[in-house]
Amino acid sequence: MQTRKTVIKTKGGVVASQHRLAAEAGAAVLRAGGDAVDAAVATSFVIGVLEPWMSGPAGGGAMMLWRAGESEAIALNHGMRSPKGLRVEDFPLSGEGVSGDLFPWEKVTGDVNVQGAKSIAVPGVVDGLGQVHERFGRMPWSELLAPAIAHAREGLLVDWYAALIIASATCALAQDADAAALFLEDGHWPTISGWTALAEKRLDQRRMADSLENIAREGARALYDGELGVAMVRDVQDKGGYLAREDMCDYSAAMQAPLKVSYRDAVFNVVGGLTAGPTFAHAMSELEPRDLGNKPTAFAAYAEALNEAYAARLGSMGDDGESPDAPGCTTHFSVVDRDGNMVSQTQTLLSIFGSRVVSPSTGFLMNNGIMWFDPVQGRANSLGPDKRCLMNVCPIVGETGGKRFAFGASGGRKIVSAMTQMASFVADFDMDVEEAFHQPRIDVSGGTKVVADESHAPEVLECLRKKHDVVTAPRTVFPYAFACPAGVMREGNTNSGCTEIMSPWGDAALEED
């Protein structure tokens with residue numbers, strides 16, 4: 001038996017998101033005449049409310065845009081930065097081995113680079129959304145935030161999946177009084193009602209709703225230059241963090257030319273710089289001369305190309321590994337409108353629940369972007385003040401064989417592996433969205449093993465085992481052994497979209513009813 005998600009083709013726009021209600025908020029914007037960018041703004045803020053452990057206004061990320069009228073790809077880096085006042089001496093190495101979170105950095109005393117106020121970096125996603133809306137948006141900013149405000153007023157429904165996610169981080173959340181008050185019940189994970197009960201449990205997100213109303217009314221820079229930003233800074237400093245008013249006022253997302261990757265008859269546009277875009281480009285360059293004649297040889301080629309690309313990343317960019325048991329801690333959504341404009345947006349708090357610190361004045365769960373840095377000095381990505389964080393995000397806008405697509409994924413270091421394969425699925429095997437998203441994958445993320453979907457054909461696994469130590473894993477709801485993609489595609493004037501088939505909340509929503 002195989003789990004499947006239905007893919008519908010339409011002349012109208014499509015939004016694919018890790019939360020159905022966020023996708024529907026974006027689709028509603030398209031119905032109202034909004035641009036893909038308008039839909040992206042609405043989707044981003046809603047998913048920050050409904051999937052708060054993955055992303056939110058206090059996070060960062062990156063976006064790829066396609067402007068159909070100009071036939072132009074544009075990259076937006078709204079990644080986080082370390083505060084100017086960060087003191088490296090406050091992060092002494094403990095000598096106790098490696099950290100137990102996403103990256104196996106050498107362990108810092110008290111894990112202050114992983115959890116707590118000192119791990120908080122300058123957020124970027126709100127400024128990034130504000131910049132693209134100012135340039136391309138059609139609808140009023142305040143209208144685009146209205147769905148997120150409404151959801152926050154109602155509060156996130158704690159269903160079985162939300163309860164499971166909160167339970168996975170209960171001990172960490174309990175260490176911050178404001179995080180415990182928001183997510184826990186008397187210090188414990190929230191229980192859900194019995195099988196036949198009708199009662200609903202919801203998070204109290206009213207303070208977040210107030211803050212979103214402030215941003216809706218005063219604009220994106222309210223979080224950086226306004227009283228809302230002042231309040232958030234005060235909260236972080238009261239809890240021992242470095243975030244300062246100067247950090248917020250000086251922050252600006254960077255809109256730039258994309259890194260253009262030519263591959264056979266295809267072109268892929270990714271975000272360059274301190275993202276996973278350059279690693280994707282390296283993987284595709286390694287893949288291009290290899291034989292992809294059939295699936296066994298193709299997956300063997302994927303493994304070789306990704307190993308080469310990750311060796312270069314680990315040696316030069318400083319993303320020095322990630323625990324294989326690390327939970328997915330990012331979100332992705334993609335949008336295409338009826339005119340063919342596209343957005344591919346990946347946004348994150350970094351770890352699941354970020355720093356596990358809530359700003360009580362704003363209701364925002366704060367990021368732990370400082371964990372992206374290597375605490376050992378003298379390396380490619382060493383911890384320091386006023387530095388842009390190295391991200392694993394890899395949103396893509398690609399074109400091949402009459403198809404244009406906007407893909408991306410959550411899943412930390414697993415993202416590049418997924419995007420390399422899915423780009424090849426479309427370019428080399430002419431797959432549509434439905435085929436690409438249902439095709440089993442492998443994960444090669446710089447470790448010693450190749451992780452293969454257990455549903456692969458025996459001949460694929462046999463071919464991989466000739467050169468690699470292969471372990472198989474199921475494609476499950478939780479935890480994810482592979483990245484969690486979301487994407488849209490346009491062929492001619494027909495659009496479609498899909499999300500990870502095992503994501504219980506993920507879905508594509510259509511502009512047309």
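Partly exposed describes a residue with a relative accessible area between the buried limit, under 20%, and the exposed limit, over 50%. The model shown in these views is predicted.

**Figure 1. K449 and D469 form a salt bridge between two strands.** The closest N and O atoms of the K449–D469 pair are 2.8 Å apart. K449 belongs to strand β16 (residues 449-453), and D469 belongs to strand β17 (residues 469-473), so the contact ties together parts 20 residues apart in sequence. D469 is partly exposed, at 40% relative accessible area. K449 is also partly exposed, with a value of 40%.

**Figure 2. Shared partners link R20, E24, R31 and D507.** Salt bridges join these four residues into one network. Across the whole structure, a search finds 34 salt bridges.

**Figure 3. R207 pairs with D210 within helix α8.** Their closest N and O atoms lie 3.5 Å apart, forming a salt bridge. Both residues sit in helix α8 (residues 206-218). They are three residues apart, about one turn of the helix. R207 is partly exposed, with 36% relative accessible area. D210 is partly exposed too, at 34%.

**Figure 4. E200 and R202 form a salt bridge.** The closest N and O atoms of E200 and R202 are 3.2 Å apart. E200 has a relative accessible area of 53%. The cut-off for exposed is over 50%, so E200 counts as exposed. R202, at 32% relative accessibility, is partly exposed.

Notes
Residues numbered from 1 in each chain as written. Predicted model: local features only at pLDDT ≥ 70, side-chain atom pairs only at ≥ 80, totals over all residues. Heavy atoms only, no water. Salt bridge = Lys/Arg side-chain N within 4 Å of Asp/Glu carboxyl O. Buried < 20%, exposed > 50% of the residue type's maximum accessible area, 1.4 Å probe, protein only. Helix = DSSP H or I, 4+ residues; strand = E, 2+ residues; numbered from the N terminus.
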